[in-house]
Amino acid sequence: MVRVWRRTHLGTEADRATFRTLHRASQAAPALREGLTRDSAERSVKHLRALLGTSALAITDTAGCLAWDGSGAHHRTQMSTLVAATLARGRTRSIDRADLRCDEPGCPVRTAVVSPLVVDERIVGTLAAFAATPTAGLARATEEVATWVSGQLDFAELESSRARLAEAELRALRAQISPHFIYNSLGAIASFVRTDPDRARELLLEFADFTRYSFRRHGEFTTLAEELRSVERYLLLEQARFGDRLLVTLSVAPEVLPVAIPFLCVQPLVENAVQHGLGRSEGPGRITITAYDRGQDCVIEVEDDGAGEEPERVRLALAGDTTPGAVGLGSVGLGNVDARLRATYGDDYGLVVETAPGAGTKVVVRAPKFAAGVSA
């Protein structure tokens with residue numbers, strides 16, 4: 001029955017061979033996409049050897065062997081010499097018995113094909129396949145597998161670059177936290193030192209907690225609950241400055257509080273709402289923050305009833321334009337937040353801004369409740 005099922009569902013022997021190849025490649029890929037390290041090499045080497053069907057296989061960096069699978073492990077000591085020769089040549093190299101000396105009788109490792117692993121046009125290591133006799137087929141297969149491994153390592157490099165870019169963008173956003181806000185907050189706290197010392201102490205503690213959260217060094221993501229706690233501290237400090245002029249409405253569904261979101265993706269929007277809403281008028285201003293569940297997504301809305309903005313200025317801000325005529329809403333990181341949301345979740349999850357002169361502004365953030373690689 002098993003044989004009949006296989007013939008029916010997997011087709012010809014060629015189909016089954018293709019399935020085995022893809023399956024083995026898929027087993028090796030997760031480790032390789034973490035980059036070329038001893039751990040990733042050890043976790044992937046047995047799957048790559050099964051892919052090639054050789055007596056032994058080694059993965060190296062530019063110095064020596066990271067992992068070996070199969071027979072003839074005593075040849076590991078020769079890998080640094082083989083790697084150096086391959087690096088000097090810059091392309092696949094066949095090794096014969098003269099260069100792969102062995103005193104052990106019956107050792108199945110007599111020849112080798114060593115192919116470079118290339119990431120961003122730079123050789124970072126080699127893939128070495130060992131066999132009893134040299135064949136043209138083994139040389140071609142080793143070169144093809146090395147090219148595929150290089151592609152997986154390229155993905156790892158891109159992921160690492162993305163992480164470094166996200167960290168750089170976060171550092172840039174921290175640097176944009178308004179110096180005026182810090183100055184004004186400390187000024188407001190100072191004004192209460194004599195008239196209301198208890199409130200001054202409470203505000204000082206809130207200021208310390210706010211800055212501690214904003215400048216923390218761990219974690220690319222946080223929960224919506226933690227982000228809103230920081231927003232609450234920010235608004236308490238602004239209310240100390242604006243008094244009754246700043247009116248805040250907060251409506252949050254409890255089920256979205258644990259959702260993981262990019263760190264500092266709500267607080268800059270609230271700061272924009274205060275600065276470009278209430279900060280431009282003499283009368284009172286209302287800030288409304290809403291978060292709710294919508295199917296697979298969590299939706300967060302930050303709205304003000306202030307002066308609004310020209311849509312073209314918003315477009316320029318989202319594009320990252322910080323020239324004086326285009327700053328508008330982007331002065332505290334609107335474009336930065338939009339870029340990080342798109343980098344994390346894809347282009348379907350960028351900011352949506354609804355505004356017009358005299359009509360106030362609403363900024364909408366949409367984040368999946370569950371996303372691969374996103375956890376607080």
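Modeller: A search of the whole structure, which is a predicted model, finds 3 aromatic pairs.

Colleague: How far apart are the ring centres of F210 and Y234, and how are the planes set?

Modeller: The centres of the F210 and Y234 rings are 6.1 Å apart and the planes stand at 35°, so the pair is classed as tilted. Planes have to be under 30 degrees apart to count as stacked and over 60 to count as edge-to-face.

Colleague: And where do F210 and Y234 sit in the chain?

Modeller: F210 belongs to helix α7, residues 197-214, and Y234 to helix α8, residues 224-242, so that the pair links distant parts of the chain, 24 residues apart.

Colleague: Are F210 and Y234 buried or exposed?

Modeller: F210 and Y234 are both buried.

Colleague: Which residues make the contact?

Modeller: On the α7 side the contact is made by R199, L203, E206, F207, D209, F210, Y213 and S214, and on the α8 side by E226, E227, S230, R233, Y234, L236, L237 and A240. Both members of the tilted ring pair, F210 and Y234, are thus found in these two lists.

Colleague: What about α8 and α9, how do they pack?

Modeller: Helix α9, residues 267-276, packs with α8 at an angle of about 20°, the axes being 9 Å apart, and the two helices are therefore roughly parallel to each other. Their crossing is right-handed, whereas that of α7 and α8 is left-handed.

Colleague: Which residues of α8 and α9 meet?

Modeller: From α8 there are E227, S230, V231, Y234, L235, E238 and F242, and these meet Q267, V270, E271 and V274 of α9.

Colleague: Is L264 buried or exposed?

Modeller: With a relative accessible area of 1%, L264 is buried. D120 also has a positive phi of about 55° without being a glycine, but D120 is exposed, with a relative accessible area of 62%.

Colleague: Where does D120 lie?

Modeller: D120 lies in the loop between β4 and β5, the latter being residues 122-131. V118 is placed in strand β4, residues 111-119, and counts as partly exposed because its relative accessibility is 31%.

Colleague: What is V118 in contact with, neighbours aside?

Modeller: Apart from neighbours within four places in sequence, V118 is in contact with I123, S150 and D154. V118 and D154 are 36 residues apart in sequence, while their C-alpha atoms are 8.3 Å apart in space.

Colleague: Back to rings for a moment: which charged ends sit over the rings of F155 and Y349?

Modeller: The charged end of R33 sits over the ring of F155, 4.4 Å from the ring centre, and the charged end of R366 sits over the ring of Y349, with 4.4 Å to the centre there too.

Colleague: And the overall picture, how many helices and strands are there?

Modeller: The protein has 11 helices and 12 strands, and 45% of its 376 residues count as buried. Among the contacts with a separation of 6 or more, 64% are between residues 24 or more positions apart.

Definitions and conventions: Residues numbered from 1 in each chain as written. Predicted model: local features only at pLDDT ≥ 70, side-chain atom pairs only at ≥ 80, totals over all residues. Heavy atoms only, no water. Phe/Tyr/Trp six-rings, centres within 6.5 Å; stacked < 30°, edge-to-face > 60°. Helix = DSSP H or I, 4+ residues; strand = E, 2+ residues; numbered from the N terminus. Buried < 20%, exposed > 50% of the residue type's maximum accessible area, 1.4 Å probe, protein only. Lys NZ or Arg CZ within 6 Å of the ring centre and 35° of its normal. Axes fitted to C-alpha atoms, helices over the stretch in contact; angles between N-to-C directions. Parallel < 35°, antiparallel > 145°, perpendicular 65-115°, else oblique. Left-handed = near helix turned anticlockwise from the far one by under 90°. Contact = heavy atoms within 4.5 Å.
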